[in-house]
Amino acid sequence: MSSGRFLDKSLKFDWFFIGVTLTLMICGVFLVYSATVSEEIVFYDTHWFRQIIYFLTGIILAVGLVFVKIDWLKRAAVPSYVIALVLLVFVLIFAGDVKGAGRWIDLKVIKLQPSEFAKIAYLITISYWLSKHPVSLFNLKTFAVPFGLFIVPFALVLKQPDLSTALVFTAVTLVGFFFAGLTFTDMFLILSPVLSVLFSHSQSMVMQVLWGLLICLVVVSVIRRHLSKGLSVTIVATTILAGYASSMVWNMLEPHQQKRVNTFLDPMSDPLGDGYQVLQSLTAIGSGGIGGKGFGNGSQTNLSFLPEEHTDFIFSVLGEQFGFVGCAAIIVLYVLFLWRASSICKTNDDPFVTLVTMGASTIFLFHITVNIAMTIGLMPVTGLPLPFLSYGGSFALVCLFLVGLLVCLRYQGSRQ
Amino acid sequence: MYNDTSENETRVHRNWNVLIFLAGVVLVFTVILLRLFSLQYIHYEENFQRSENNRLRRIELIADRGYIYDRNENVLVRNRPSYQIALQALEMPKKKADRDSVFHRLLNIRDAAGMQLFDSLSLDTAFQRTRWIKTRPIRILEDATMEQVAVIEEHSTELPGVLVIIESRREYPYGTLASHVLGYTSEISEEQLKLPEYATYSQGDRIGQKGLEQQYDREFRGVNGLKLVEVNASGREVRTLSDVGALIEPVPGLHMISTIDLKLQKVAEAAIPDSARGALVALDPRNGEILAMVSSPRLDPNIFSLKRRERNKGWAHVALDSMRPLTNRAISGIYPPASVFKLATAGAGLENGIISETKYYPKACTGGYQYGARYQKCWGVHGNLNVVHALRLSCDVYFYQAGLEIDMARINEFARRFGYGEKLLEVDIPGERAGWLPDSASFNRRNKRLGWRWARGLILNLAIGQGQMVTPLQQAVFVGSLATNKGVYRPHFMKELRDASGNVVHRYEPEIIRSGTMKPETHRVLMAAMDSVVNHPGGTGKRGAIPGIRVGAKTGSGEWKKGQKTHAWYAAVAPLDDPQIAVAVVMEAAGGGGSVGAPIARKVLMAYFGLEEENK
């Protein structure tokens, strides 16, 4: 390749996208620094310095990835999927007694997290398959292979147990279906049993009405889509049954199991466990006000109670120190990031590119939403980190790999 | 590709889908922004106030550690309150000048004797540490006296961030009594924290080290509780948020009723002077309950509950002592079994029909035995003997000949049946060592490096118990199970575990770990021999005789170093016709078993049968 191509400005590289990513990363290093400023250790052992090293490694990885041809990615799909499964099985078999050991492969120098690698491998594989074989509710056989591809890594990750990562796989699959032929209504119909469970969980009047509305809506949608009779009946029946079954299962659970589910859904009901962290996080964010307490002034008060302030609860650090303005700025950056990321699929007509792009965007969106919603008490406490802001080597590499993949798709696509 | 639509339609469709996706993104982030707005603008005041003034604290409620009782429910180990003076980083003044004044005030505090409570060096270190340890209190005075606590409480208003914490520490009311069995507690060490078996422990936990304290740590420690409290700006507890379910009561640890008999243990401790090196084990051979266990010299486990300076002093004293008081000789000390092992040799011979009560060997004891070019001595001149006489007089010449005829494989098989050997007896305190019964194969394997080879002549030594390795516990188990002839029970200390309200949670079930049986004829001859060792006027163990009780025993004098006095062994069972107690005593480098060991065991047996020591 000649240097002329590199300098060519016809948007082979979306410099705006790259700029937003770098800005987010810089913010991340500063936040990790302020969250861990009280450490008294040599600088090359500090979290912020290590985070810089992780980012630099990731950037090198991403730059290398840009030169990979799209065909090579397609060819790598199946082998990488197989490797990911092998690693997931390996980690399950050799799970130790130590907390969280079921997720890691310790290579002494670094710790590998196969589920992170599996996210990428799965994304490429499912995109590759769906780009060749669109799915349709009128031909249910089209779902067989993608569902098979999905359920194996999903089950393995769930077994670790890592529910939140397993849900990432689910999100990627659903968005993949959406971009491989399903309509908005179809998506609603697929998700309707889940919604039914959610609405029937509480016994309140409002929820009961909502549940009734849901059933009506499902019936209307099924009729308007002119689905086959068998499928229509199945969907409506599943939705209704899901609602009843969930309340029946709920009543069959032992009280302590019910308590665990409740604690998961509403951490505030357990102020000594997860709720404690959320409570501290809410206080920290709320006390930031509009303008925040200023850089470095937050960690003195509430945040020293948060054991995971530099990883999962980094958003609380942001909220306390930079207030609403800072939070809004970061959210705007995320919106811009996702906008530029998803627009990459418009540069190429290959459905594979569309699917990978939207899948990658989904991975980012899912992490961002679940993490922030957790710190502000809207969602259960799960272990999903915040892209570019949370401390952590594995996840930083995954994020930058995905960014590299997106830049690659645009660059290689424009070369064809 | 999408056959039913044209390429352009596909593109439009895709772009619409992307728009829907982005709409979803905007929707989600709008919800988040609204929530943030509510938290940071609408509820700003209350959140800010809470972050400034009212802080929530999670306080761990340490569960009471379970006590250890003897078999008659006398307390052997209990807890006492201990006051710690500590710094709480979050309540300390933020300004450096204010912190310095707290520092100087602390330095100036003196007790009634005019001594400073704190030394500037360690206090300075603690103040440094408050800069990065925010949530945990940092101790500046350990195990403070009531007087010291009173001084601090008096000045509490001038000392923000200095607080008094009440902890519970272990107390051993009888001091050194059974110290090796009970063990002690101390703070978990850095090394232990890294081990997988301590994964559920955290820094600062006091855990059992050695003995029962270590073995049953999980049972003793209970489950810690937790409470959520609201504290004000100066760190005082405003209220406990127990009304909202924010209180988990601690579950106290289980109490243990041990098999130890305090009365017997006291007698045994008194019988062995602390200046001597030795061990004693008394157990019930019918179920394996250990009634008393002494290892001398002893240590006082109370030193581990003291403040650091005194603890270090005590620790240095025991750790550097050349007599090694930390070792539990009763289970970790390995000695040659000496003449006690002759019981195994004789037993194997009788069991295999090689010797009998009426069999005499051609060579009488004339003070020694010629084997090839070697002349092996006996400790006396005994003449021509049968097996009972040979055991009574502990004649070596008889057993040289018997050993050569019976062969080691048979002897070792018989010995292993009754608890000797390389397998642990699995007593329920850590540190037990396995013994060793050499035969040609294992001897060559072990001494390969030294180039020693097995020779038949070694049987001469082994037949009289010189060359094997056994622990005092094995010795007691051996004579005990020999006398009962009903199997070897696992020796143990745990009798019952009870919860705080006294309900029995777990009861130990006796467990047979070796077959431990022999032919009735073998048993009869061996018992007759053990009887005559004590109750025959010429027996080596006659000093162990107790009027009215039929004691059976075997003495031993273990050679271990040329020119040194022998290790004195004495292993006894009583009463012989209905064995209730087995006692093994070893006194290192103290002389003959009959003269040194027997009187010690006798005192224990007397105490067990409730007899008074008659005046001599």
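The following paragraphs treat the model and its confidence, then chain A, then selected elements of chain B.

The model is predicted: local features require a pLDDT of at least 70 and side-chain atom pairs count only at pLDDT 80 or more, while totals for chains, interfaces and linings use all residues. Residues are numbered from 1 along each chain as its sequence is written, and chains are lettered from A and ligands numbered from 1 in the order in which they are written. The model has an ipTM of 0.89 and a pTM of 0.63. In chain B the average pLDDT (the predictor's confidence in each residue, from 0 to 100) is 85, and 94% of the residues score at least 70.

Chain A contains 15 helices and two strands; helices (H or I, at least four residues) and strands (E, at least two) are DSSP runs, numbered from the N terminus. Of its 416 residues, 44% are buried. A residue is buried if 20 or more other C-beta atoms lie within 10 Å of its own, exposed if 12 or fewer, and partly exposed in between, with C-beta atoms placed from the backbone. Two residues are in contact if their C-beta atoms, placed from the backbone, lie within 7 Å. Among the contacts in chain A with a separation of 6 or more, 69% link residues 24 or more positions apart.

In chain B, an open sheet is formed by five strands in the order E13-E12-E22-E21-E20, with antiparallel pairing; two strands pair if DSSP finds at least two bridges between them. The edge strands, each pairing on one side only, are E13 (289-296) and E20 (552-558) of chain B. From one strand to the next, the twist averages 5 degrees. Axes are lines fitted to C-alpha atoms, for helices over the stretch in contact, and angles run from 0 to 180 degrees between N-to-C directions. Within this sheet, seven bridges join E21(B) (residues 567-574) to E22(B) (residues 581-587) in the antiparallel sense, and Trp569(B) has Val586(B) in E22(B) as its bridge partner.

Helix H10 of chain B (residues 262-271) touches E12 (278-284) and E13 of chain B, and its direction makes about 25 degrees with that of E13(B). Helix H21 of chain B (residues 593-608) lies across E12, E13, E20, E21 and E22 of chain B, at about 35 degrees to E21(B).

Ala282(B) counts as buried because it has 29 C-beta neighbours inside 10 Å. Beyond its neighbours within four places in sequence, Ala282(B) is in contact with residues including Leu264(B), Leu291(B), Val583(B) and Val604(B). Ala282(B) and Val604(B) are 322 residues apart in sequence, yet their C-alpha atoms are 8.2 Å apart.

Other strands of chain B pair as well. E17(B) and E18(B) form a hairpin with five residues between them, and Gly502(B) in the turn has a positive phi of about 95 degrees.
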